[in-house]
Amino acid sequence: MAASDQPEAAYVVRLTVQDVGARVVVRRRLDDGGLGDLLGELERWDDTAVVVRDRHGTGHVVRRTDVVAGKRVPPAPARRP
């Protein structure tokens with residue numbers, strides 16, 4: 001089956017400004033044309049940009065036009081001692 005014969009994935013953005021502070025996953029378009037996921041705390045959601053802070057403390061800024069999907073996710077599991 002050729003790539004053009006495959007059905008398109010149905011992506012849904014289920015995030016709003018009310019999700020700021022929640023743990024989320026955001027799928028976004030990359031500069032090379034692919035897609036990538038960010039997992040972390042949603043710090044900003046507005047008309048122009050989204051900021052997701054990952055578990056290492058890095059804030060990733062994504063243009064809203066590059067967000068193709070997003071949703072809340074459960075809290076991270078407790079780390080083992």
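Visitor: Over how many bridges do strand β1 and strand β2 pair?
Guide: This is a predicted model, where local features need pLDDT of at least 70 and side-chain atom pairs count only at pLDDT 80 or more, while totals for chains, interfaces and linings use all residues. Residues are numbered from 1 along each chain as its sequence is written, and side-chain values use heavy atoms, without hydrogens and water. Strands are DSSP runs (E, at least two residues, numbered from the N terminus), and two of them pair if DSSP finds at least two bridges between them. Strand β1 (residues 23–29) and strand β2 (residues 35–45) run antiparallel, and their pairing covers 7 bridges.

Visitor: Which residue of β2 is the bridge partner of arginine 27?
Guide: Let's stay with β1 and β2, which pair in the antiparallel sense. The partner of arginine 27 in β2 is aspartate 37.

Visitor: What is the strand order in the open sheet?
Guide: The sheet has 5 strands, with antiparallel pairing. Its edges are β4 (59–63) and β5 (67–72), each pairing on one side only. Reading across the sheet, the order is β4-β3-β2-β1-β5.

Visitor: Which residue in the turn between β3 and β4 has a positive phi?
Guide: Strand β3 (residues 49–53) and β4 run antiparallel, joined by 5 bridges, and valine 52 has histidine 60 as its bridge partner in β4. The two strands form a hairpin with 5 residues between them. In that turn, a phi of about 95° belongs to glycine 57.

Visitor: Is glutamate 43 buried, partly exposed or exposed?
Guide: Glutamate 43 lies in strand β2. Leaving aside neighbours within four places in sequence, this glutamate is in contact (heavy atoms within 4.5 Å) with Val20, Val51 and Arg53. Buried means under 20% relative accessible area and exposed over 50%, with partly exposed in between (1.4 Å probe, protein chains only). Its relative accessible area is 34%, so glutamate 43 is partly exposed.

Visitor: How far apart in space are glutamate 43 and alanine 22?
Guide: In sequence, glutamate 43 and alanine 22 are 21 residues apart. From C-alpha to C-alpha, the distance between them is 8.3 Å.

Visitor: How many charged residues are in the lining of the largest pocket?
Guide: A pocket is an open set of points on a 1 Å grid over the protein atoms alone, where a 1.4 Å probe fits, with protein on both sides within 12 Å along at least five of seven lines; lining residues have an atom within 4 Å of a point. Here the lining includes Arg23, Glu41, Arg53, Asp54 and Arg55, and β2 gives the most to it, with 3 residues. Asp, Glu, Lys and Arg count as charged, Ala, Val, Leu, Ile, Met, Phe, Trp, Tyr, Cys and Pro as nonpolar, and the others, Gly among them, as polar. Beside 3 nonpolar and 2 polar residues, the number of charged ones is 5.

Methods: Helix = DSSP H or I, 4+ residues; strand = E, 2+ residues; numbered from the N terminus.
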